[in-house]
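Here is a short briefing on one protein model. Please look over the sequence and the structure first, then read the points below.

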Amino acid sequence: MKRQIGKIVYFFAKHFPETDAKLNFCGKLLRGLAGKLMLDYCGNKINIDRNATIGNHISLGDYSGIGKNSYIGDYVTIGTHVMMGPDCLIYTRNHEFGNVETPICFQGFQNYKPVRIENDVWIGGRSYIDMRNCPQRNLHSRT
């Protein structure tokens with residue numbers, strides 16, 4: 001129930017002005033509240049910027065943010081002190097496509113490949129992280 005309320009709040013709050021806008025009208029506050037309700041884990045002092053699309057089973061660590069217009073697929077763990085620029089994409093699932101005799105749209109989906117972004121990572125704007133056809137890997141911090 002809590003998660004559904006968070007998703008409803010976020011549905012409206014995602015359209016409020018971006019975090020650094022002069023006339024923000026509590027967009028950051030409402031998106032943060034929605035995050036506390038709908039994410040598996042939501043740390044302190046987080047920022048979910050305007051118009052981000054957030055999947056299920058997401059964890060967002062302390063002092064971390066999701067960039068404006070970003071897409072975060074299901075089963076993503078974001079550590080602490082992670083900065084994310086705008087328009088970032090993180091994909092964790094793909095279509096099956098191994099049978100050349102069957103159209104891809106009828107082959108179903110592969111299993112999710114969770115993504116874990118470690119602490120103190122900077123993901124630049126318009127970065128593309130696609131784990132759909134890769135072995136399991138983690139993005140590590142600088143240390």
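Ile46 sits in the loop between β1 and β2. Helices (H or I, at least four residues) and strands (E, at least two) are DSSP runs, numbered from the N terminus. The model is predicted: local features need pLDDT of at least 70, side-chain atom pairs count only at pLDDT 80 or more, and totals for chains, interfaces and linings use all residues. Residues are numbered from 1 along each chain as its sequence is written, and side-chain values use heavy atoms, with hydrogens and water left out.

- Ile46 is buried, at 9% relative accessible area. Buried means under 20% relative accessible area, exposed over 50%, and partly exposed in between (1.4 Å probe, protein chains only).
- Beyond its neighbours within four places in sequence, Ile46 is in contact with Lys28, Gly32, Leu60, Gly61, Tyr63 and Ser64. Contact means heavy atoms within 4.5 Å.
- Thr80 is 34 residues from Ile46 in sequence, and their C-alpha atoms are 9.2 Å apart.

**Nonpolar core**

- The largest nonpolar core has 25 residues, and Ile48, Ile66 and Ile117 touch the most other members.
- α2, β4 (58-60), β7 (76-78) and β10 (115-117) are the elements that give two or more residues to this core.
- A nonpolar core is a set of buried Ala, Val, Leu, Ile, Met, Phe, Trp, Tyr and Cys residues joined through side-chain atoms within 4.5 Å.

**Salt bridges**

- The structure holds four salt bridges. A salt bridge is a side-chain nitrogen of Lys or Arg within 4 Å of a carboxyl oxygen of Asp or Glu.
- Side chains of opposite charge can pair when their charged atoms come close.
- One of the bridges joins Arg3 and Asp40, with the closest N and O atoms 2.8 Å apart. This pair links distant parts of the chain: Arg3 lies in helix α1, and Asp40 lies in the loop between α2 (27-38) and β1 (41-42), 37 residues apart.
- Arg3 is partly exposed at 29% relative accessibility. Asp40 is partly exposed too, at 39%.
- Asp49 and Arg31 form another bridge, at 3.9 Å from N to O. This pair also links distant parts of the chain: Asp49 is in the loop between β2 (47-48) and β3 (53-54), and Arg31 is in helix α2, 18 residues apart.
- Asp49 is buried at 12% relative accessible area. Arg31 is buried at 0%.
- Arg116 and Glu118 meet at 3.4 Å, N to O, in a salt bridge. Arg116 is partly exposed, at 38% relative accessible area.

**Cysteines**

- The structure holds zero disulfides. A disulfide is a pair of cysteine sulfur atoms within 2.5 Å.
- Cys26 is partly exposed, at 47% relative accessibility. Cys42 is buried, at 11% relative accessible area.

**Surface patch**

- Ile8, Phe11 and Phe12 form a nonpolar patch on the surface, with about 360 Å² of accessible area together. Accessible areas come from the Shrake-Rupley method with a 1.4 Å probe; for residues, only the protein chains shown count as cover.
- Patches are made of residues with over 30% relative accessible area and no salt bridge: like charges are joined within 9 Å, nonpolar side chains (Val, Leu, Ile, Met, Phe, Trp, Tyr) within 5 Å.
- Phe11 belongs to helix α1 (residues 2-13). Phe11 is exposed, at 52% relative accessibility.
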